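Please read the points below with the sequence and the coordinates open.

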Amino acid sequence: MSTKKTTKSKSASGSCGPECACHGPMPVLENSDIQSWPKRDPQAVIYMDNNATTRVDEQVVAEMLPYLTEQYGNPSSMHTFGGQVAHKVAEARQRVAAILGCLPEEILFTSCGTESDNTAIKGTLAVLPNKRKVVTTRVEHPAVLTTCRDLERHGYSISEIGVDRQGRLDLDELGFRIDDNTALVSVMYANNETGVVFPIDEIASIVRARGAVFHTDAVQAVGKIPLNLKNGAIDLLSLSGHKLHAPKGVGVLYVRKGTRIAPFMHGGHQESGRRGGTENVPGIIALGKACELAQQHMAEENTRVRALRDRLQAKLLASCTDCMINGDPDRRLPNTLNISFEYIEGEAILLLLNQYGICASSGSACTSGSLEPSHVLRAMGVPFTAAHGSIRFSMSRFNTEAEVDFIAKVMPKIVNRLRELSPFVKRGS
Amino acid sequence: MWDYTDKVMDHFLNPRNVGSVDNPDGVGEVGSLACGDALTLSFKLDASGRIADARFKTFGCASAVASSSVLTELIRGKTLDEARQVTNQDIARVLGGLPEQKMHCSVMGQEALEAAMADYYSKRKGGPSAEKKGNIVCTCFGVTDDEIRKVVRENGLSTVEQVTNYCKAGGGCGGCHGRILELITEVQGEAVQARAAAAPKRPAKLTNIQKIQLIQQTINEQIRPALRADGGDIELIDIDGNKVIVAFRGMCAQCKVSEFTMKDVVEARLREYVSEELTVEAEKNPDSSEHKS
């Protein structure tokens, strides 16, 4: 334990050469002795936390930059200087519509996914004053769950559908819970923690047949799996720019033609009077470009990125004992791996990963500041022993095989080290 | 991300005295897998009765590992009487401080030490057992009233949230918040009374309108924020002489300890700020009322 060793850094090997700007140098492991940890190199980043936020694509930055500098006009203005900005916003609207397979006029720009969710839920209830019930799931993102639970205090009844051990919904129960009093059903497209994808088109049809409005929080799905809203029965859909390589501070609510919602932000006539406030022009233009790029990379997400995820999963399952995958492995986002390491705690794992510049996240209680582990894992009935030790790796097209292999090499050492500390691992087991 | 000190990171990355002592004189186990952190401490005494070796095994986050590591350093070389003086604040101090929400990690260290010493005495003289003393208050995290009294006393805590940060009690279903508040009031009884005496003087004589306004104001400013923090709410229904009738909303409406909340929070605050003569009652459910005319 006394031998201190410093870990040298050099450029990442693999398909990302030194000229690639997508990440800094990667620390190099020297033999298997890991009694002391490398001093954290702030330059070394292996970013595997893309469900939290993503790197802004350089092409996206280039597209938005003029609208932060010389093209500062207001799209609502009556002069050409502002008008050309309005054209660019219209182009962005078309690009977003293209990735969703909908009409440009069905796109409502907001400030974030949370605003989209709030607008969808409260905006729907406001125009259906005689219906007092909302049906949702126990595994929603807090943007939906907290909003719904707050409505309970205003006299609404909220019905939360549970999931099974694999994170799957019981569609019969869902149908059963929708009654004449139900204004809205809100079910996420894909879960942010486990990546489990719900059969949204099927759910939308059930909801439509029962006469309620259907909203889906698709923040994690857009850009990762192909969507086509024209043919489905989704009435409202939320997405967020910073989850698909656009900057933070811009989101979208898709509102199917004919779906009534009350504005959440009152003000000017922007967004056809459905969302007051001067548009976040650079953000909207960036999001448009990001959607265009996401569409181009959709096949890559589902082949190369999926293969990276599967590679990491296979390597970790092979090299670490007492670990398990959380979430239905057959219906999962291609980029997400949620894996639990028993007898050790998630925050400790994250901090040791951080020593190597590896960014991931955890459903452990300690990382959130609350005392209970992730509501998603608890809803799935994942035992506490595993929930506390859950780690989520979420990838993007910027990740490489070399990065995956590096994590696969480091992870067993981290796990073994923490298990040496753990009172729950008996010697020799 | 947590703002850990360099000292915390050092003890996390290079923990001292990991493992378990062979043929220990005392072993203390606290926490559990379900709670998210757990610590096993073992020690051995030398011929002069000093702690010759102390080792730990910890399941938990960086601050839990660091607290355990520091604990073993603090008690090595001490007699049991000297070690008994080590508090959770000593552990936090050596670490250069811990985030408030992580203080329970330092408390866990101290509890492990107590458990290990109790184990030693019970083996030696059949003295006090290593079992937890007191009655369980927080069933989610298995925290007893004695443990809560201790953290409140030693750390000068005054809110339920602080108690949760220091010993986890109340961090689960929240059903014990009323009881925790009682314990805080009990421990800090004198301090709280002193504060109440220094509180703004109540007007000597109120008109009815003034009284109603003051009651509403006290509910809005002094009572509602605390209930909202736990997902509940309160509504003033009626005032009949000195009888204030209120209704709980949200989480409070289903809360099993709402009676405690009613007496210990609502009535206490209204008496403090409005009039000693006030009593508070919950609104009778109109459906179940037998006296309905």
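1. The model is predicted. Chain A has 429 residues, of which 51% count as buried, and its secondary structure comes to 13 helices and 15 strands. Chain B has 293 residues, with 41% of them counted as buried, and its secondary structure comes to 12 helices and eight strands.

2. Reach of the contacts within each chain. In chain A, 70% of the contacts with a separation of 6 or more are accounted for by residues 24 or more positions apart. In chain B, among contacts between residues at least 6 apart in sequence, 55% join residues at least 24 apart.

3. Domains of chain A. Chain A is divided into domain 1, made of residues 9-44 + 298-421, and domain 2, residues 58-296. The C-alpha centres of these two domains of chain A lie 30 Å apart. Their contact takes 19 residues from domain 1 of chain A and 21 residues from domain 2 of chain A. On the domain 1 side, helix 8 (298-319), strand 12 (336-341) and helix 11 (375-379) of chain A each supply at least two residues. The residues of that domain 1 side divide into six nonpolar, eight polar and five charged.

4. A helix of chain A with buried residues. Which residues of helix 4 (residues 142-152) of chain A are buried? They are A:A143, A:V144, A:L145, A:T147 and A:C148. The cover over the buried residues of helix 4 of chain A includes helix 3 (113-127) and strand 5 (133-137) of chain A, together with strand 6 (157-161), strand 7 (182-186) and strand 8 (213-217) of chain A. As background, residues three or four places apart in an α-helix point the same way, because the helix has 3.6 residues a turn.

5. Two residues with positive phi. A:H245 is not a glycine, yet it has a positive phi of about 70 degrees. A:H245 lies in the loop between strand 9 (236-240) and strand 10 (251-255) of chain A. A:S272 lies in the loop between strand 10 and helix 7 (281-296) of chain A. Is A:S272 buried or exposed? A:S272 is exposed, because 10 other C-beta atoms lie within 10 Å and the limit for that class is 12 or fewer.

6. A:I344 lies in the loop between strand 12 and helix 9 (346-355) of chain A. With 29 other C-beta atoms within 10 Å, A:I344 is buried. Not counting residues up to four places away in sequence, A:I344 touches A:I349, A:G389, A:V415, A:L418, A:R419 and A:S422, as well as B:F59 of the other chain. A:Q270 is 74 residues from A:I344 in sequence, and the two are 51 Å apart in space, C-alpha to C-alpha.

7. Contact between the chains. How many residues does the contact take from each chain? It takes 25 residues from chain B and 24 residues from chain A. On the chain B side, helix 1 (6-13), strand 2 (37-45), strand 3 (51-59), helix 2 (62-75) and strand 7 (243-250) of chain B are the elements that give two or more residues. The residues of the side of chain B that touches chain A divide into 11 nonpolar, nine polar and five charged.

8. Domains of chain B. Chain B is divided into domain 1 (6-125), domain 2 (136-196) and domain 3 (202-282). The C-alpha centres of domain 1 of chain B and domain 3 of chain B lie 44 Å apart.

9. Helix 6 and helix 8 of chain B. The axes of helix 6 (residues 145-155) and helix 8 (residues 177-187) of chain B come within 9 Å and cross at roughly 50 degrees. Helix 6 of chain B is therefore oblique to helix 8 of chain B, and the crossing is right-handed. B:D145, B:I148, B:R149, B:V152 and B:R153 of helix 6 meet B:I180, B:L183, B:I184 and B:V187 of helix 8. By class, this contact has six nonpolar, no polar and three charged residues.

10. Helix 6 and helix 7 of chain B. The axes of helix 6 and helix 7 (residues 160-167) of chain B come within 10 Å and cross at roughly 105 degrees, which means that helix 6 of chain B is roughly perpendicular to helix 7 of chain B. B:E147, B:I148, B:V151, B:V152 and B:N155 of helix 6 meet B:V163, B:Y166 and B:C167 of helix 7. By class, this contact has six nonpolar, one polar and one charged residues.

Note on methods. Residues are numbered from 1 along each chain as its sequence is written. Chains are lettered from A and ligands numbered from 1 in the order in which they are written. This is a predicted model: local features need pLDDT of at least 70, side-chain atom pairs count only at pLDDT 80 or more; totals for chains, interfaces and linings use all residues. Two residues are in contact if their C-beta atoms, placed from the backbone, lie within 7 Å. Helices (H or I, at least four residues) and strands (E, at least two) are DSSP runs, numbered from the N terminus. Ala, Val, Leu, Ile, Met, Phe, Trp, Tyr, Cys and Pro count as nonpolar, Asp, Glu, Lys and Arg as charged, and the others, Gly among them, as polar. Domain bounds come from an automatic or database domain assignment. Axes are lines fitted to C-alpha atoms, for helices over the stretch in contact, and angles run from 0 to 180 degrees between N-to-C directions. Angles under 35 degrees count as roughly parallel, over 145 as roughly antiparallel, 65 to 115 as roughly perpendicular and the rest as oblique. A crossing is left-handed if the near helix is turned anticlockwise from the far one by less than a right angle, and right-handed if clockwise. A residue is buried if 20 or more other C-beta atoms lie within 10 Å of its own, exposed if 12 or fewer, and partly exposed in between; C-beta atoms are placed from the backbone.
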